[in-house]
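Hi,

Here is the structure I promised to send over. Please have it open while you read, and my notes follow just below.

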Amino acid sequence: MKLSLRHTYDKDLRIRLVSPSGATIYLANRRGGSGDNFTNTVFDDEASVAISAGAAPFTGSFRPESPLSVYDNINARGTWQLWIDDVA
């Protein structure tokens with residue numbers, strides 16, 4: 001999954017992906033400190049760097065907080081939702 005998002009103080013953000021069945025994973029949960037933006041950020045279970053070890057601005061590939069493989073073997077049809085909360 002690829003995301004571009006402009007936001008100051010990335011640590012304020014919780015980014016979640018919700019499947020049509022309601023299964024939810026966190027892609028990023030309050031990461032990046034006072035840095036800004038997610039620019040062409042790819043969430044990939046095979047990435048060499050975890051989002052928790054990355055630094056803002058997040059550019060490139062990162063392993064999400066929870067593995068995307070949670071969605072393996074589920075029906076992908078339906079409406080997927082990307083939730084981005086500013087929890088500051």
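The largest nonpolar core in this predicted model has 15 residues. Ile15, Leu27, Phe38, Phe43 and Ile51 have the most contacts inside this core. As you know, nonpolar side chains in soluble globular proteins tend to be buried together.

Leaving aside residues up to four places away in sequence, Phe43 touches Met1, Leu3, Leu27, Ala28, Phe38, Ile51, Phe62, Pro64 and Leu68. Leu27, Phe38 and Ile51 from that list are also among the residues with the most contacts inside the core.

Now to the sheet. Three strands form an open sheet in the order S3-S2-S6, and the pairing is antiparallel. S3 and S6 (81-86) are the edge strands, each pairing on one side only. From one strand to the next, the twist averages 20°. The antiparallel pairing of S2 with S3 runs over 5 bridges, and Arg16 stands opposite Tyr26 in S3.

What does the side chain of Asp85 make a polar contact with? The partner is the side chain of Arg16, at 2.6 Å. Asp85 lies in strand S6, one of the two edge strands, S3 and S6. Not counting residues up to four places away in sequence, Asp85 touches Asp12, Leu13 and Arg14 as well as Arg16.

Best wishes

Note on methods. Residues are numbered from 1 along each chain as its sequence is written. This is a predicted model: local features need pLDDT of at least 70, side-chain atom pairs count only at pLDDT 80 or more; totals for chains, interfaces and linings use all residues. Side-chain values use heavy atoms; hydrogens and water are left out. A nonpolar core is a set of buried Ala, Val, Leu, Ile, Met, Phe, Trp, Tyr and Cys residues joined through side-chain atoms within 4.5 Å. Buried means under 20% relative accessible area, exposed over 50%, partly exposed in between (1.4 Å probe, protein chains only). Contact means heavy atoms within 4.5 Å. Two strands pair if DSSP finds at least two bridges between them. Helices (H or I, at least four residues) and strands (E, at least two) are DSSP runs, numbered from the N terminus. Axes are lines fitted to C-alpha atoms, for helices over the stretch in contact, and angles run from 0 to 180 degrees between N-to-C directions. A polar contact is a pair of N or O atoms within 3.5 Å; within protein, one must be able to donate a hydrogen and the other to accept it, and residues adjacent in sequence count only if both atoms are side-chain atoms.
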